[in-house]
Amino acid sequence: MATKSETKRDFVKPKREILSMMDMAKWQHSSAYAELLGFILSLNMAIKSKKNSDEFPKSQATKQMLQILDTLDKWTEEMEPIDQPQRFGNAAFRDWRKRICEKADDLISPLLPDDAKESIIELQAYWEESFGNATRIDYGSGHELSFVAFLFCLCKLKVFQESDCCSLVLQVFNRYLDVVRNLQSRYRMEPAGSHGVWGLDDFQFLSYLWGSSQLIDHPTLSPKSFVDTKICQENGHEYIFLDCINFINKMKTGPFAEHSNQLWGISGVPYWAKVNSGLIKMFKAEVLGKFPVVQHFVFGSLLSIAKYEGPRRF
């Protein structure tokens with residue numbers, strides 16, 4: 001987590017730095033890459049073997065963040081899809097996204113300490129990219145990564161503390177998943193850069209990575225359990241991974257092995273710990289390591305493209 005000096009900085013409008021494949025090495029050796037991956041792995045450890053309903057600290061900041069996400073869900077219900085000839089990509093999403101951009105200051109500023117109010121210029125860049133692309137009306141793992149970057153920046157600004165780690169995943173990120181799923185289904189959003197049947201999921205990745213950590217050492221639920229629809233329905237409220245499977249089963253028809261082949265393969269892994277370590281490697285390769293996913297990521301003072309000089313722990 002951040003030190004007090006984190007808020008004593010000059011905030012700048014973030015900009016793209018990964019403009020071609022030639023920039024991927026710069027990204028993978030940057031402070032932003034190291035710090036963001038470190039944050040993701042720290043949260044992964046914090047929620048190991050924990051259910052959504054377990055007791056853990058719930059700070060005022062996490063409660064505020066949940067209220068913000070509740071507001072977004074309310075806007076989704078208010079803004080009806082429009083009649084249009086295209087089956088996918090309902091243009092009403094553009095109005096929804098315009099509203100979250102216009103209201104970003106009003107939503108986010110109350111979270112910030114007085115000496116970090118000017119950080120809104122950086123936070124807004126990650127916030128706006130967290131819910132999908134207005135031009136293409138699509139959503140993918142790059143947008144999910146932007147939301148996690150937004151949460152990490154709030155940690156650096158001391159909005160969230162180390163004691164908030166469990167709550168950030170099991171409450172805040174979990175509520176975020178509800179919001180984006182509602183967007184995906186209501187506005188018929190396209191998957192961004194989907195690998196189709198050969199991808200892990202059309203939209204998310206970290207929900208599976210973190211969700212598998214929750215299930216490590218579970219006494220009865222093994223990886224083969226999640227192909228059982230009834231087991232997922234009975235336990236999805238407690239485990240993010242299983243709730244992801246519920247959403248897939250709701251949105252897709254046909255044999256699971258055909259429409260979600262990568263996940264079907266995971267069901268054959270004997271232990272959740274092995275699933276988790278495998279998903280970490282896959283995340284580095286298929287999300288952080290893919291130019292089409294990270295090319296739109298932006299860098300400022302909180303997440304810097306400057307070379308990382310600290311120790312490598314992963």
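These are my notebook entries on a predicted model.

**Ground rules.** I number residues from 1 along each chain as its sequence is written, and I leave out hydrogens and water, using heavy atoms for side-chain values. Because the model is predicted, I take local features only at pLDDT of at least 70 and side-chain atom pairs only at pLDDT 80 or more, while totals for chains, interfaces and linings use all residues.

**Confidence.** I looked up pLDDT, the predictor's confidence in each residue, from 0 to 100. The chain has a mean of 94, and 95% of its residues reach 70 or more. Over residues 2-7 the value stays under 50. For that stretch I find 9 contacts (heavy atoms within 4.5 Å) beyond four places in sequence.

**Gln204.** I placed Gln204 in the loop between strand E3 (190-191) and helix H9 (206-214). Helices (H or I, at least four residues) and strands (E, at least two) are DSSP runs, numbered from the N terminus. Is Gln204 buried or exposed? Gln204 counts as buried because its relative accessibility is 5%; buried means under 20% relative accessible area, exposed over 50%, and partly exposed in between (1.4 Å probe, protein chains only). Leaving aside neighbours within four places in sequence, I list Tyr139, Glu144, Leu177, Val180 and Gln184 as its contacts. With Gln184 there is also a side-chain to side-chain polar contact at 3.2 Å. A polar contact is a pair of N or O atoms within 3.5 Å; within protein, one must be able to donate a hydrogen and the other to accept it, and residues adjacent in sequence count only if both atoms are side-chain atoms.

**Aromatic rings.** I paired rings of Phe, Tyr and Trp (its six-membered ring) if their centres lie within 6.5 Å; planes under 30 degrees apart count as stacked, over 60 as edge-to-face and the rest as tilted. The count by this rule is 24 aromatic pairs. One of them, Phe147 with Tyr176, is stacked, at 4.0 Å centre to centre and 0° between the planes. This pair links distant parts of the chain, 29 residues apart: Phe147 is in helix H7 (residues 141-156) and Tyr176 in helix H8 (residues 165-186). Phe147 is buried at 0% relative accessible area, and Tyr176 is buried at 0%. Ring pairs link both into a cluster whose members include Phe150, Phe173 and Trp210.

**Glu286.** I found Glu286 in helix H14 (residues 272-288). Its relative accessible area is 30%, so Glu286 is partly exposed.
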